[in-house]
Amino acid sequence: MGPMSDGERYERGRARFLEVHDEKALRAVEGLGDLGRSILEFVYGDIYLRPGLSLRDRELAAVATLVALGRSSQIPQHLRGALKTGVTPDELREVILQTAAIAGFPPAMNAMSTLKTILAERGA
């Protein structure tokens, strides 16, 4: 198989993105112009399609990393993505707790609060 065109990477990444996130999130990323295109092509068109991890495992890794880095603006979308890919609320709580042991309590507290809000929105 030969090299893929940027258009093919974009479409492949866009499709993968929608397996994890919703249309609203896609519009937000596409609204970033060239940055959004790069996210869809590289992150979702290349990395998220590698065979080494399932989407579920990739979202667990994303949540743990975002919590550890204190990236509160991206945490809600990836918590939703983790739930969409089959991660349970209890598993997310454990990942956040595990992250607190390594990265500290303040970012974990923020993530736990965000998870609580997301679960309340879903009626869980």
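**Questions about a predicted helical model**

Tutor: Welcome! This is a predicted model. Let's begin with helix 4 (residues 55–69), which has 15 residues and spans 21 Å from its first C-alpha to its last.

Student: How do you know that this span is close to the one expected for helix 4?

Tutor: The expected span is 1.5 Å times one less than the number of residues. For helix 4 that gives 21 Å, and the helix reaches 21 Å.

Student: What do the buried residues of helix 4 pack against?

Tutor: Its buried residues, among them Leu 55, Glu 59 and Val 63, pack against helix 1, helix 5, helix 6 and helix 7 (105–122). Just after helix 4, Gly 70 has a positive phi of about 70°.

Student: Why is Thr 85 called buried?

Tutor: Buried means under 20% relative accessible area. Thr 85 has 17%, so it is buried. You'll find Thr 85 in the loop between helix 5 (75–84) and helix 6 (89–103).

Student: Which residues is Thr 85 in contact with, leaving aside its neighbours within four places in sequence?

Tutor: Glu 19, Val 20, Leu 55, Arg 56 and Glu 59.

Student: What puts the buried residues of helix 3 on the same side?

Tutor: Those residues are Gly 36, Leu 40, Glu 41 and Tyr 44. They cover an arc of only 130° around the axis, so they lie on the same side of helix 3. They pack against helix 1 (6–20), helix 2 (23–30) and helix 5.

Student: And which residues are exposed on the other side of helix 3?

Tutor: Asp 34 and Leu 35 are exposed there.

How values were computed. Residues are numbered from 1 along each chain as its sequence is written. This is a predicted model: local features need pLDDT of at least 70, side-chain atom pairs count only at pLDDT 80 or more; totals for chains, interfaces and linings use all residues. Side-chain values use heavy atoms; hydrogens and water are left out. Helices (H or I, at least four residues) and strands (E, at least two) are DSSP runs, numbered from the N terminus. Buried means under 20% relative accessible area, exposed over 50%, partly exposed in between (1.4 Å probe, protein chains only). Contact means heavy atoms within 4.5 Å. The arc is that of the directions from the helix axis to the C-beta atoms.
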